[in-house]
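Thanks for coming, everyone. Please bring up the model on your screens, and let's walk through it together.

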Amino acid sequence: MPPRPSPRSLNLGILAHVDAGKTTLTERLLHLAGVIDEPGSVDAGTTRTDSLALERRRGITIKAAVVGFPLGDAVVNVIDTPGHPDFIAEVERVLGVLDGAVLVLSAVEGVQPQTRILMRALQRLRVPTLLFVNKIDRAGADVDAVLDAIRSRLTPDVLPMGTAAGLGSRAATFAAYSPDDRAFRERETVALAEHDDVLLAAYVDGRDRTPEELRALAAAQTRAAELHPVFAGSAATGAGVPDLMEAIATFLPGAPPDTGGEPSGRVFKVERGDAGEKVAYVRLFSGTVEARQRLDLPDGRSGKVAGIEVFRDGRWVRADEAHAGQVARLLGLGAVRVGDGFGSSIRAEAHHFPPPTLEASLEACDPAQGPALRVALAQLADQDPLIAARSGEDGRPTVSLYGRVQQEVIASTLAEDHGIEVAFSEASVLHVERLRRAGTAVERFNTPTNPWGATIGLRLTPAAPGSGLVFDVGVPMRDLPLYLFKSVEHFTSVMSEHVAQALSCGLRGWEVTDCRVTLTEAGYRSGDGPPAQRGPLPTALDYRSLTPVVVRQALVRASTEVCEPVLHVSLEVPTDDAPQLLRLLGRWGSEVTGQTATADLTRIDARLVAARLHDLQHQLPDLTGGEGVLDARFDGYQPVRGEAPVRRG
């Protein structure tokens, strides 16, 4: 009997500013689909998606969570994403695997700072997006004001799909416009004509389209991320949610099952199972993954799939295979990391995130738990490699951070999941070092300064900003110790790791980046060569020990300069407050790169050193009466002015 065909999959992201109600909306969708008997409560800590203890306590989402429900002929995988800016890397990892999204806004607070950041990310990746104005039952709800703010601060390409009544009370309702409503059809036609010249010409000529034709055009433009239908309601009471659910089926695209071709996908989350094993959450873009199948991962890593789980009937269940379009949990991939892609799909390629700009060291409150802390941090780095857990020369572990809330999350996770209470040092800005010029060094075997049985010569050359570290082999293959390594590629990979480790601590303690390293000389002792070359054959330890010595010598000759992270900040402030913001940026030596003003709002674009971001975040509410909005994105590095800082530890 042929296998039963897989249903169409729709991978849906639910995104919002902190506390706009997206987790409550997820619970309501699950309840309406019949997956759960009663919606969980964020306040009571009974939601399906906020599974971390800190998530339940603070009422915020920290890690992406996956649940699913049936909707018509499709299975909707709902990915509940973080709303706090400290977890923007977690959000962007998820956006790359979505088919569509619902952006949730509060009918009281309206367009909030993180709302704008999320909308920009959705627009940049062209993710089809519906808007849901939540909390119409709360006092102060004003849907019309929120629609005006959406048009002026997010996008003018919106189409309100109904009207809300009884605002501010538990009896608040949402009524969808009828397709036969002539006033609505007029507004729908005007909105669609912004992106459809044929429809515009027909409209000007007085030729009307049928409601069915307009709905089909609206669905097409939504799927192309050109139009954003807007709904309103209350996730707490359920008002408007059935209309949103119907719109998800109508307007958002779902991936049709495609089991042919090479399997490809991307890992957007890694967690630990009850026995400590890795569990990889994967979005499949093409092909089929089967149990016991071997997958090739980046950087030469690989693993065999020991088990597969898919979300069905409200829970994760075992399956023999997972198909294109589905989200699955893969077991047995011990080498897997968050962000890994496999297969040839473009969407499976690794996503590059802005680097964290802060770092903080930590230590176990109980010194006896020091070794356990290092093991726990290594496991956390599997779940989020961007924290880059490492040990300083003083032996204290250090992690990279996007913000101080993320620091609290790490401390909470270590305490509750691993039983380790930790104390953090004050977070500091994470600098890098760049080469001032080229530098070379060589250490030859059987010489007084080289106790190891190998020869290594290296040339370090400055590379383009943002290029990272590149390692080249510039010697004949006969000079390489291939008896120790499987191939030239294997030797190159191992040496590249040794070089990267050596460059993780530059002349002032910071990582050296944007550097091309070339192996210029290589050799090793042998038992049958000339007298000057005789001796025991070197081991891998010789190369691992000698490489940092040669790197350091070349680094001293090249010299380095310390560079600090720079951010591109976009400020949206009341026009009356713009002059004092400009004066503040001027005092800090920031470069203002753009300024545009409307009647009541001014947008200021500037380049700001990361060390000043916390000060700006702290002063902005007071300077703008709480109306200022700040969006900051990494924009490279620049040399430090004045005395270069030395890395602590």
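One term before we start. When I say contact, I mean heavy atoms within 4.5 Å. Helices and strands here are DSSP runs, numbered from the N terminus. And keep in mind that this is a predicted model.

With that, take helix 12, residues 488–503. Its buried residues are Phe491, Val494, Met495, His498, Val499, Ala502 and Leu503. What covers them? The cover for the buried residues of helix 12 includes strand 27 (454–462), strand 28 (469–473), strand 29 (511–512), strand 30 (515–524) and helix 13 (540–558). Now the length check. Helix 12 has 16 residues, so at 1.5 Å a residue it should span 22 Å. Its end C-alpha atoms are 22 Å apart, which agrees.

Let's zoom out. The chain has 649 residues, and 52% of them are buried. It holds 15 helices and 34 strands. Take the contacts with a separation of 6 or more: 73% of those are between residues 24 or more positions apart. The accessible surface comes to about 28600 Å², and carbon and sulfur atoms own 50% of that.

Next, the inside. In soluble globular proteins, nonpolar side chains tend to be buried together. Here the largest nonpolar core has 78 residues. Leu25, Phe69, Val102, Ile150 and Ile248 have the most contacts inside it. Apart from that one lies another core, of 28 residues, with Val475, Val494, Leu546 and Val550 among them.

Which residues does isoleucine 150 touch? Setting aside residues up to four places away in sequence, they are Leu105, Val111, Leu131, Val133, Thr155 and Val158.

Asparagine 11 sits in strand 1, residues 8–16. Is asparagine 11 buried or exposed? Its relative accessibility is 0%, so asparagine 11 counts as buried. Beyond its neighbours within four places in sequence, asparagine 11 contacts Asn77, Val97, Leu98, Asp99, Gly100, Arg283, Gly325 and Val327.

Now the outside. Val190, Leu200, Tyr203 and Val204 make a nonpolar surface patch, with about 330 Å² of accessible area together. Helix 7, residues 197–204, gives the most to this patch: three residues. Valine 204 lies in that helix. Its relative accessible area is 63%, so valine 204 is exposed.

Last topic: charges. Side chains of opposite charge can pair when their charged atoms come close. The count here is 21 salt bridges.

First example: arginine 138 with glutamate 109, at 3.3 Å, N to O. Arginine 138 is in the loop between strand 5 (129–134) and helix 5 (143–154), while glutamate 109 is in the loop between strand 4 (100–106) and helix 4 (113–124). They are 29 residues apart.

Next example: arginine 153 with glutamate 572, at 3.5 Å, N to O. Arginine 153 is in helix 5 and glutamate 572 in strand 31, residues 560–574, so this pair ties together parts 419 residues apart in sequence. Arginine 153 is partly exposed, at 22%. Glutamate 572 is buried, at 10% relative accessible area.

Glutamate 271 belongs to strand 10 (residues 264–272) and arginine 329 to strand 18 (residues 327–331), 58 residues apart. Through shared partners, salt bridges join Lys269, Glu271, Glu309 and Arg329 into one network.

That's my tour.

Definitions and conventions: Residues are numbered from 1 along each chain as its sequence is written. This is a predicted model: local features need pLDDT of at least 70, side-chain atom pairs count only at pLDDT 80 or more; totals for chains, interfaces and linings use all residues. Side-chain values use heavy atoms; hydrogens and water are left out. A nonpolar core is a set of buried Ala, Val, Leu, Ile, Met, Phe, Trp, Tyr and Cys residues joined through side-chain atoms within 4.5 Å. Buried means under 20% relative accessible area, exposed over 50%, partly exposed in between (1.4 Å probe, protein chains only). Patches are made of residues with over 30% relative accessible area and no salt bridge: like charges are joined within 9 Å, nonpolar side chains (Val, Leu, Ile, Met, Phe, Trp, Tyr) within 5 Å. Accessible areas come from the Shrake-Rupley method with a 1.4 Å probe; for residues, only the protein chains shown count as cover. A salt bridge is a side-chain nitrogen of Lys or Arg within 4 Å of a carboxyl oxygen of Asp or Glu. Helices (H or I, at least four residues) and strands (E, at least two) are DSSP runs, numbered from the N terminus. The expected span of a helix is 1.5 Å times one less than its number of residues.
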